[in-house]
Amino acid sequence: MENPDTPENWGRASRGYAEKVAPVLMRSFADAIVELLEADPGCEVVEVGAGSGALTEALFPKVKSLLATDFAPQMIDILQQRMRAAGANNVSCEVMDGQSLDCEDNRFDAAVCSFALMLFPDRAKGFGELCRVVRPGGRVVVSGWAGPDKFEAFGLLLEAMRVAFPDLPAPPKPPPVFSLADPGAFAAEMQAAGYEDVQVETVARDLETSSFEEMWEMFTVGAPPVQM
């Protein structure tokens with residue numbers, strides 16, 4: 001199967017992601033990520049893979065300025081609309097590839113990437129770019145999904161799809177969505193990119209859904225790998 005994680009595919013899924021996926025999955029982790037970032041009202045922050053803004057909405061009231069980026073122009077369009085509606089005058093929204101940020105070195109006090117960097121074709125570049133644009137002593141928070149044994153909702157969905165569609169090409173092992181599931185490997189990748197004092201923490205949330213149909217719609221309209 002072709003790579004589903006392209007700007008075009010995420011652009012086509014942007015409205016479904018914004019309406020069905022982000023409010024259920026991403027927003028429930030946003031406050032924990034903001035807390036881990038330890039940003040203060042004087043902080044200048046960059047967010048990579050902002051998507052439709054679940055984390056952006058939680059973060060912008062806490063900081064001086066926030067540059068929210070995503071590689072899909074349609075996501076940035078949705079994000080800009082939401083930030084205008086929220087009166088977020090300290091947020092700039094720009095189309096950028098997180099593997100090659102159009103930002104000078106040491107530009108920001110902190111950086112954050114919520115459930116996106118695990119999907120990058122070249123994660124080393126993604127980690128490296130976040131490290132490059134943050135000032136020495138700054139803080140970077142990156143989140144990724146645990147494996148299907150812990151991310152049970154998605155694990156159940158993958159198993160159901162395997163049974164229902166036995167001829168479907170198998171995803172790579174591990175699938176990109178679980179490529180940062182191993183805490184030791186996660187920390188090692190960050191250390192290799194130049195980070196110091198790396199810590200990996202587990203944050204758990206319950207996913208409530210009224211039916212399988214609701215979950216199926218969530219992933220098929222807002223997650224390109226399932227959509228394809």
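## The open sheet

In this predicted model, five strands form an open sheet in the order β3-β2-β1-β4-β5, with parallel pairing; strands are DSSP runs of E with at least two residues, helices are runs of H or I with at least four residues, and both are numbered from the N terminus. Two strands count as paired if DSSP finds at least two bridges between them. The edges are formed by β3 (91-95) and β5 (134-143), each of which pairs on one side only. On average, neighbouring strands of the sheet are turned by 20° against each other, direction ignored.

Strand β2 (residues 65-70) runs parallel to β3 and is joined to β3 by 5 bridges. The bridge partner of A68 is C93 in β3.

## Helices across the sheet

Helix α4 (residues 73-86) lies across β2 and β3, at about 165° to β3. Helix α2 lies across β1 (44-48), β4 (108-114) and β5, at about 160° to β5. Axes are lines fitted to C-alpha atoms, for helices over the stretch in contact (heavy atoms within 4.5 Å), and angles run from 0 to 180 degrees between N-to-C directions.

## The buried face of α8

In helix α8 (residues 212-222), M215, M218, F219 and G222 are buried, meaning under 20% relative accessible area with a 1.4 Å probe, protein chains only. Seen down the helix axis, these buried residues fall within an arc of 100°, so they line one face of α8; the arc is that of the directions from the axis to the C-beta atoms. The buried residues of α8 pack against α1 (7-12), α2 (14-37), α6 (152-164) and α9 (224-227).

## Basis of the description

Residues are numbered from 1 along each chain as its sequence is written, and side-chain values use heavy atoms, leaving out hydrogens and water. Local features need pLDDT of at least 70 and side-chain atom pairs count only at pLDDT 80 or more, whereas totals for chains, interfaces and linings use all residues.

Terms used: Buried means under 20% relative accessible area, exposed over 50%, partly exposed in between (1.4 Å probe, protein chains only).
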